[in-house]
Amino acid sequence: MIFSGLSPLLRLPLVSGLTRDALLRMDPEIAHGATISALRLGLAPEQTEPDPPELATALCGLELKNPVGMAAGFDKNAEVPQPLARMGFGMVEIGTITPRPQEGNPRPRLFRIPEAEGVVNRMGFNNEGHDAAFARLKNLHVGAVLGVNVGANKDSEDFVADYVTGVTRFADVADYITVNISSPNTPGLRNLQADEALQRLLAAVLEARGRARTRVPVLLKLAPDLEERQLDDIARIVLGTGLDGLIMSNTTISRDPVLGLPNATETGGLSGKPLFALATRRLAQLRQRVGDLPIVGVGGIHSPETAIAKLEAGADAIQLYSALVFGGLDLLDRIKRGLVATLRNRGLSSVSGLSGTRTEDWAAGRLG
Ligand SMILES: Cc1cc2nc3c(=O)[nH]c(=O)nc-3n(C[C@H](O)[C@H](O)[C@H](O)COP(=O)(O)O)c2cc1C
């Protein structure tokens with residue numbers, strides 16, 4: 001059975017041979033390919049009942065059936081947004097896609113740290129390029145909010161121009177666009193988070209959005225490795241533009257929580273459980289600086305409790321990826337059930353009632 005352990009909410013598909021344990025024994029990238037193939041073949045579990053109404057929420061004017069999204073990097077080429085929506089994600093972010101196809105870094109480039117439930121990747125934006133993703137997405141009704149995450153080709157002479165091309169190309173097919181300047185695996189990319197470069201990028205990208213037929217919300221995805229002083233600068237710049245929201249965070253280049261464990265010294269970005277405390281603290285610190293600008297909280301969510309904590313730290317909606325490798329896809333269902341139970345316990349009528357209720361504690365490092 002693929003994606004074992006699903007609740008009665010989900011129809012159990014009769015697929016033998018691809019248990020979570022079997023996937024965990026495979027080379028990580030082969031296991032990922034097998035999962036995408038299974039989803040493409042329609043072998044994914046499907047949610048059979050609609051989400052309870054209290055899970056509905058809004059993000060940048062978009063209506064989400066629930067606040068839990070699939071983070072970028074799982075479906076880099078927009079092969080399976082519909083199956084992911086049918087599984088019950090409220091939002092699906094495809095990409096990162098770059099204008100031209102590119103191979104990414106040599107393999108191996110994806111590593112598990114099972115002892116810590118962490119992942120290190122240095123994929124390097126391997127993807128089939130704008131044309132392939134656009135062909136799959138045009139005229140597609142996904143059934144969840146669709147984010148298109150755009151990036152720059154490694155050998156591009158003008159990173160900003162690549163983002164502008166991405167926004168222009170996908171404005172009509174995406175519900176929102178993510179400008180991803182926080183991958184550690186494209187040399188120089190993260191420099192776009194700094195002052196003048198960020199100003200120039202946002203001006204160009206938002207001008208391109210203004211020229212498009214549809215006013216698509218644009219979000220900026222940030223790294224957790226930013227100091228508070230850098231967050232000050234980013235908040236000041238962002239608030240002076242028409243940017244619609246932020247995503248905190250991408251993977252970290254730090255290794256503190258996994259020091260000494262096998263694969264911890266691999267070059268790349270660390271994600272999963274060991275990223276949770278850092279990404280959540282940075283999210284809260286960002287929330288303190290940007291008022292009520294929408295923020296998507298990502299990084300290390302691995303349980304209903306950590307999903308709730310991410311919202312409490314200041315997220316309006318959340319995304320996850322790495323924990324699905326260890327926890328299986330039933331984690332989505334467990335998180336949604338946990339959210340509903342918490343809302344009912346606390347007498348709240350919607351998830352927005354949780355957002356930002358513990359920002360100060362998270363920002364000060366008292367939690368996590
Ligand atoms: C294998 C892998 C590939 C990723 N690729 C991308 C990507 O192409 N673009 C992006 O914005 N984030 C990418 N990410 C980062 C995730 O979207 C997410 O921000 C990060 O992993 C933290 O969330 P998590 O701890 O729930 O995985 C990738 C993560 C992993 C593990």
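## Contacts with the ligand

A polar contact is a pair of N or O atoms within 3.5 Å. In this predicted model, an oxygen atom of the ligand is 2.8 Å from a polar backbone atom of Gly272. A backbone N or O atom of Tyr321 is 3.0 Å from an oxygen atom of the ligand. With Lys221 the side chain takes part: one of its N or O atoms is 2.9 Å from an oxygen atom of the ligand.

The protein covers 97% of the 600 Å² of accessible area that the ligand has on its own.

## The shell around the ligand

There are 24 residues around the ligand, and Ala72, Thr96, Gly272, Gly300 and Ser322 come nearest. By type, the shell divides into 14 polar residues, eight nonpolar residues and two charged residues.

Which elements give two or more residues to this shell? They are strand S6 (91-97), strand S8 (118-121) and strand S13 (269-272).

## Helix H7

Helix H7 covers residues 228-239. Its 12 residues, at 1.5 Å a residue, should span 16 Å, and this agrees with its end C-alpha atoms, which are 16 Å apart. The expected span is 1.5 Å times one less than the number of residues.

The buried residues of H7 are Leu231, Ile234, Ala235, Ile237 and Val238. Seen down the axis of H7, these buried residues fall within an arc of 165 degrees, so they line one face of the helix.

## Cis peptide bonds

Most peptide bonds are trans. A cis peptide bond joins Gly95 and Thr96, with omega at about 10 degrees. Thr96 is in strand S6, and Thr96 is also among the residues that come nearest to the ligand.

Another cis peptide bond joins Met248 and Ser249, with omega at about 20 degrees. Ser249 lies in the loop between strand S12 (245-248) and S13.

## Positive phi angles

Most residues other than glycine have a negative phi. Phe125 is not a glycine, yet has a positive phi of about 55 degrees. Phe125 lies in the loop between S8 and helix H4 (129-137). Asn139 is not a glycine either, and has a positive phi of about 65 degrees. Asn139 is found in the loop between H4 and strand S9 (145-150).

Is Phe125 buried or exposed? Its relative accessible area is 3%, and buried means under 20%, so Phe125 is buried. For Asn139 the relative accessible area is 77%; exposed means over 50%, so Asn139 is exposed.

Technical notes: Residues are numbered from 1 along each chain as its sequence is written. This is a predicted model: local features need pLDDT of at least 70, side-chain atom pairs count only at pLDDT 80 or more; totals for chains, interfaces and linings use all residues. Side-chain values use heavy atoms; hydrogens and water are left out. A residue is near a molecule or strand if one of its heavy atoms lies within 4 Å of it. A polar contact is a pair of N or O atoms within 3.5 Å; within protein, one must be able to donate a hydrogen and the other to accept it, and residues adjacent in sequence count only if both atoms are side-chain atoms. Accessible areas come from the Shrake-Rupley method with a 1.4 Å probe; for residues, only the protein chains shown count as cover. Helices (H or I, at least four residues) and strands (E, at least two) are DSSP runs, numbered from the N terminus. Ala, Val, Leu, Ile, Met, Phe, Trp, Tyr, Cys and Pro count as nonpolar, Asp, Glu, Lys and Arg as charged, and the others, Gly among them, as polar. Buried means under 20% relative accessible area, exposed over 50%, partly exposed in between (1.4 Å probe, protein chains only). The arc is that of the directions from the helix axis to the C-beta atoms.
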